[in-house]
Amino acid sequence: MTGAPHAADVPARSPADARELPWSWPAAFAVATLLGLLSFSYYWLDDVVRGHPSPPLEPLVEELTGAWGVMLLVPFAVRLARRHPPALRRRGLAHAGGVLAFSAASTTWNWVTRSLLFPLLGLGPYDYGQMPLRYLMELPKGAILYVVIVAFVVLLDRYRAAREREVRVAYLEAGLARAQLQNLSAQLQPHFLFNALNTISSVMYEDVERADRMVAGLSELLRASLRARADQEIALAEELQVLERYLELMRARFGERLRVEVDVDDAVRGARVPALLLQPIVENALRHGAPPPPECAHVVVRARRMGGELVVEVRDNGPGLRGEAPIASGVGLANTADRLRALYGGQQSLEFLDATGGGLIVRMTMPFRESGVPAREEAWSLSAS
């Protein structure tokens with residue numbers, strides 16, 4: 001049986017992958033160009049509105065080169081933010097140096113590129129003013145840009161870390177839910193086996209031939225249940241076959257006193273149901289709902305579709321509820337309730353109703369899904385809550 005996965009088994013990206021900032025130079029160039037054009041339009045239209053428009057090429061070159069320079073420096077700021085998380089106080093000096101370097105590099109880039117482009121474009125020599133003062137003037141703007149980039153990186157990393165924690169928690173919860181289902185399925189095996197052996201023992205000395213038929217029936221049933229145990233869900237038609245193996249065993253015990261009706265439409269025989277769903281319910285009906293001899297034990301198994309739900313009922317002709325809580329009367333019923341909750345969460349129900357005319361109805365409701373359609377992953381998360 002497979003247990004719950006250890007935290008170390010949860011697939012996770014490497015630190016380098018998890019911290020990698022999505023970056024494409026063509027896309028970055030396109031964004032920087034767009035921002036440069038927007039900034040150019042603002043400053044140039046401002047001159048137009050004031051009544052002294054300047055030639056548009058000069059502010060266009062200035063804003064585009066400024067935007068492209070920031071684009072080239074973004075990876076530097078990102079790397080510094082990752083290497084020196086700003087949440088740590090001792091890293092403040094590193095980021096102070098980062099601000100100075102970022103601003104100085106941006107200003108130097110603007111000075112060099114514009115000094116080269118202006119003469120080439122016929123705009124004459126570029127005048128960037130007194131450079132020592134220019135570095136000081138551009139420092140606040142560079143600091144703002146650097147802080148914005150670092151803040152974006154920090155928020156992005158925290159969001160990614162939170163999402164990764166959610167994925168890991170969901171994976172672990174799903175693994176725990178699967179392990180719980182496997183444990184519940186395993187509990188059915190010894191519970192049923194002990195009851196079957198007790199039944200065989202009760203008739204062994206009275207009717208050896210009947211006991212021999214019951215042993216053969218038990219063998220067939222165990223083979224069928226082991227095949228069904230490989231999956232948590234099987235087709236209803238297969239579940240009915242497993243039930244028939246069990247009923248063959250019970251017919252050897254009850255003889256003519258056992259009457260079983262199966263009322264299941266062909267349209268729902270392909271529906272997915274938990275493996276070994278019916279056997280413990282029918283067993284409970286025969287153990288607690290069978291009237292004393294010579295009256296017959298009458299069990300009816302029904303299944304039908306109601307909208308998006310599959311409704312499965314098992315009815316006996318016993319005394320009914322009698323004010324008792326059936327769920328606490330045996331391992332089989334409690335186990336079935338736990339497995340339904342684990343598989344379907346809030347999309348299932350298990351009810352016990354007094355039948356009209358006497359007897360008990362055990363009604364199970366679950367999502368209707370055709371065979372071959374896997375259970376939704378959300379069901380595993382619900383089961384862990």
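Student: Which residue of strand 5 stands opposite R305?

Tutor: In this predicted model, R305 faces L310 of strand 5.

Student: What makes strand 4 and strand 5 a pair?

Tutor: Pairing asks for at least two bridges between the strands. Seven bridges join strand 4 (residues 297–306) to strand 5, so they count as paired. The two run antiparallel and form a hairpin with two residues between them. In that turn, G307 has a positive phi of about 65°.

Student: How do you know that strand 5 pairs with strand 7?

Tutor: The same test works here: at least two bridges are needed, and strand 5 and strand 7 (residues 360–367) have seven, in the antiparallel sense. Therefore these two strands are a pair as well.

Student: What makes L310 and M364 stand out in the largest nonpolar core?

Tutor: That core has 45 residues, and L310 and M364 are among those with the most contacts inside it. Helix 7 (residues 236–254) gives the largest share, nine residues.

Student: Which residues does M364 touch?

Tutor: Leaving out residues up to four places away in sequence, the list includes L277, L278, I281, L310, V311 and V312. Contact means heavy atoms within 4.5 Å, so each of these has atoms within that cut-off of M364.

Key. Residues numbered from 1 in each chain as written. Predicted model: local features only at pLDDT ≥ 70, side-chain atom pairs only at ≥ 80, totals over all residues. Heavy atoms only, no water. Helix = DSSP H or I, 4+ residues; strand = E, 2+ residues; numbered from the N terminus. Core = buried A, V, L, I, M, F, W, Y, C linked by side-chain atoms within 4.5 Å. Buried < 20%, exposed > 50% of the residue type's maximum accessible area, 1.4 Å probe, protein only.
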